[in-house]
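The sequence and structure are shown first.

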Amino acid sequence: MTQDTGIGADQKIERRKIGRTAIEVTPIGLGSWQFSQGQGFHGYVWSALSDKVTDEIVRTSLEGGISWIDTAEVYGKGRSERGVARALKAAGKHSGDVVIATKWFPMLRTAGSIRKTIGQRLLNLDGFSIDLYQIHQPWSLSTVEAEMEAMADLVEAGKIRAVGVSNFDADRMRRAHAALARRGLPLASNQVKYNLLDRRIERNGVLAAARELGITIIAYSPLEMGLLTGKFHRDRGLLESRPFFRRTFLTKRIQRSVSLIAALDEIAALHGVKTGQVALNWLINVHGDAVVAIPGASKVEHALQNSGSMKFRLSGEEMQRLDDLSSRLTP
Ligand code: NAP
């Protein structure tokens, strides 16, 4: 084991199918909202990263064994998609080497825009094909059924390989699943917020429906935007340097998570790993292979550690302890 916790860089890492598709990914992928370059609203959440740092984060993630990247149309109005493509090229990758997931943003749009804007997605991705195309949010001027028809057309046209949704409740997810089934296609995934401090999907029917229908849960904000690494607990001043929205959001949550961070710290020390790695490891193993996670990174060391979180196992007792503790804290 290395102290920086790449944890045996050449270790073989498990692959999981995304839903009932043929697409296989590692339990951890790389989230790339951080690559929005501070554009618009995104600048209130994430500081801008240089191309050099972005390229290094992607390269380190891939070297650490991560096999896929999640991006979106709306992240910096295409800047994240373009950054991902540039970084993959810089790492010597070609289309098909890495699984790419991106998203269509539905707000104030109809399903017709899914067909109209796919060309721009592919242009931004600069030769890298889209494996998983997701509806980013439930809000749209069209029905779920119309959106799924448009997505199915893209699969049939060979523009994307599989269809996912994001932030869908159980009912909408079931409707999306049924609409795609009528076209002979599976609904691959639902990307939702899920972590040790936010376990709502366990109670609102989303996780149960996903498991019943064979839909993979892609957990976003798996570190509660960095809080579960414990760094903001250890250094309360650190949040001051973070952009407005995240500073406000996280400040409110620090106090109520003190006991959980203490337990994560303790377990991390026993395994010789980092606090955040324990939080990620719990998340990707607590429901067998039903959940995969996409931590974001703004530093190369984050990419190294997050990929390393796939390379050790917590004991049943440790999993249970975290489960019990977090159940008392989560909304
Ligand atoms: P996250 O992954 O929980 O947190 C990412 C932040 O945590 C990083 O920017 C960094 O904060 C810190 N961090 C990450 N790894 C670390 C490490 N090893 N050590 C110390 N700090 C570390 O939250 P997220 O970025 O909101 O979610 C991840 C991805 O999910 C996004 O990139 C995006 O692709 C996706 N997402 C999707 C939706 C949706 O609606 N579908 C919504 C949100 C996110 P600092 O930069 O402050 O150092």
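## Basis of the description

Helices are DSSP runs of H or I with at least four residues, and they are numbered from the N terminus. The model is predicted.

## Aromatic pairs

Three aromatic pairs are found in a search of the whole structure. In one of them, the ring centres of Trp 33 and Tyr 75 are 5.9 Å apart and the planes meet at 25 degrees, so this pair is stacked. Trp 33 belongs to the loop between strand E3 (30-31) and helix H1 (51-63), while Tyr 75 belongs to the loop between strand E4 (68-70) and helix H2 (79-90); the pair therefore ties together parts that are 42 residues apart in sequence. Trp 33 and Tyr 75 are both buried.

A stacked pair is also formed by Phe 245 and Phe 249, with 6.0 Å from centre to centre and 15 degrees between the planes. These two residues are separated by about one helical turn, because they are four residues apart in helix H8 (residues 244-254). Phe 245 is partly exposed, at 32% relative accessibility, whereas Phe 249 is buried, at 17%. Over the ring of Phe 249 sits the charged end of Arg 253, 3.7 Å from the ring centre.

The whole structure contains one cavity of 30 Å³ or more. The largest cavity holds about 40 Å³ of space. Its lining consists of Phe 35, Gln 37, Leu 49, Asp 51, Thr 54, Arg 79, Gly 83 and Arg 86.

H1 and H2 are the elements that give two or more residues to this lining, and H2 gives the most, with three. By class, the lining of the largest cavity has two nonpolar, three polar and three charged residues.

Definitions and conventions:
Residues are numbered from 1 along each chain as its sequence is written. This is a predicted model: local features need pLDDT of at least 70, side-chain atom pairs count only at pLDDT 80 or more; totals for chains, interfaces and linings use all residues. Side-chain values use heavy atoms; hydrogens and water are left out. Rings of Phe, Tyr and Trp (its six-membered ring) pair if their centres lie within 6.5 Å; planes under 30 degrees apart count as stacked, over 60 as edge-to-face and the rest as tilted. Buried means under 20% relative accessible area, exposed over 50%, partly exposed in between (1.4 Å probe, protein chains only). A charge sits over a ring if NZ of Lys or CZ of Arg is within 6 Å of the ring centre and within 35 degrees of the ring normal. On a 1 Å grid over the protein atoms alone, a cavity is a set of points where a 1.4 Å probe fits but cannot get out, and a pocket is an open set with protein on both sides within 12 Å along at least five of seven lines; lining residues have an atom within 4 Å of a point. Grid points are joined across faces, edges and corners, and a volume is the space filled by probe spheres set on the points. Ala, Val, Leu, Ile, Met, Phe, Trp, Tyr, Cys and Pro count as nonpolar, Asp, Glu, Lys and Arg as charged, and the others, Gly among them, as polar.
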